[in-house]
Structure formats: C-alpha cells, structure tokens
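Subject: Structure handover

Hello,

Here is the structure I promised to pass on. Please open it alongside this note. My findings follow below.

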Amino acid sequence: MIGLCLGAARGLAEISLPVAAFTLAWTHSVERVAWEEDYRVAGDRLVLVEARVKGSGAGMDPPPGAVLRDGWWHYRPDLPPLPALRLTRSSAAADYTLCAAGECRSLSTLLPIGEEGAVTELWACPLRP
C-alpha cells in the first residue's frame, strides 16, 4: 500500500500516513490570504488535482480560467506528477495544515518545525505493515 511520508530536514524525523489523497492548506505570510491544494498519491508521485485561493494580492492572482465559487478561486494547475513537495516552515508564519480522511492537523502536530526556515518534504511512499 502507498501512502504519504513527511520528513524533516536532514532526516531528523520521518512519519508515514495511510492516505491516498490529502489537502494542504496555508495562509500567505504577507497578504494573509488562504490557499488550499488537493493532491492524490499516485504510485511514487503526488498529483496536484485542484488549487484554491481566497482572494488575490502581490503575486497571487488566480490564473486564467479560474472560477470564483463560494468565495474561493478554483483552478486546475497544469503540472506533471511531482516526486515531492518541499515546504519551508517558520515560526514567524502560520504553519501548514494537512487534511486527510476527514481530519485536519497542523504539520507541527505531525512533525516539529525544527530549525528556523527548515524544509519539510512530503512524498509518496510504501507503507510498512
């Protein structure tokens, strides 16, 4: 079975979650605008299915073709499947939220931020029985 793995920089910590799909949510650190991205785990890749942004601002305008629905701009990014997501985390900004299987949790409840500006990676991985 394939799931989602999260790892802290320099391999200090790693966890795996038995999920086939998840939503990654965050608030832009300057514009204070909410973003969400829906991913599907497909083999050894992460597929970005849909993205949403609740507003616009510096460098955050919805792309052409985005549709405004329920206060969010919805769009489907044209990206190939990704080997990993690299998230830079900081105590100076709100942490990312990971939602899967009907439950949402701050990444810090799953994996500590560690050093200021540390990178957390998310990738598809085989789950251990």
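First, a term: two rings of Phe, Tyr or Trp pair if their centres lie within 6.5 Å, with the six-membered ring used for Trp. By that rule, ring pairs join Trp 26, Trp 35 and Tyr 96 into a cluster. Please keep in mind that this is a predicted model.

**Aromatic pairs**

The structure holds three aromatic pairs. A pair of rings is described by the distance of the centres and the angle of the planes.

Take Phe 22 and Tyr 39. Their ring centres are 5.2 Å apart and their planes stand at 15 degrees, so this pair is stacked. The pair links distant parts of the chain: Phe 22 sits in strand 3 and Tyr 39 in strand 4, 17 residues apart. Both Phe 22 and Tyr 39 are buried.

Trp 26 and Tyr 96 make a tilted pair, with 5.8 Å from centre to centre and 55 degrees between the planes. This pair also links distant parts of the chain. Trp 26 belongs to strand 3, while Tyr 96 lies in the loop between strand 8 (85-88) and strand 9 (97-100), 70 residues apart. Trp 26 and Tyr 96 are buried as well.

Seven strands form an open sheet, in the order 6-7-5-4-3-9-10. The pairing is antiparallel. Strand 6 (67-69) and strand 10 (103-106) are at the edges. Each has a single partner strand, so one side of each is left without a neighbour in the sheet. From one strand to the next, the twist averages 30 degrees.

Within this sheet, strand 3 (residues 21-27) pairs with strand 4 (residues 34-42) over seven bridges, in the antiparallel sense. Ala 25 stands opposite Glu 36 in strand 4.

**The core**

Which residues touch the most other members of the largest nonpolar core? They are Phe 22, Leu 46, Leu 98 and Leu 122, out of 29 residues. Several elements each supply at least two residues of this core, among them strand 1 (2-8), helix 1 (107-110) and strand 11 (119-126). Strand 5 gives the most, with four residues.

Phe 22 deserves a look on screen. Leaving aside neighbours within four places in sequence, Phe 22 is in contact with residues including Leu 4, Tyr 39, Val 41, Leu 46, Leu 85, Leu 98 and Leu 122. Glu 37 and Asp 38 are also among the contacts of Phe 22.

Best wishes

Definitions and conventions. Residues numbered from 1 in each chain as written. Predicted model: local features only at pLDDT ≥ 70, side-chain atom pairs only at ≥ 80, totals over all residues. Heavy atoms only, no water. Pairing = 2+ DSSP bridges. Axes fitted to C-alpha atoms, helices over the stretch in contact; angles between N-to-C directions. Phe/Tyr/Trp six-rings, centres within 6.5 Å; stacked < 30°, edge-to-face > 60°. Buried < 20%, exposed > 50% of the residue type's maximum accessible area, 1.4 Å probe, protein only. Core = buried A, V, L, I, M, F, W, Y, C linked by side-chain atoms within 4.5 Å. Contact = heavy atoms within 4.5 Å.
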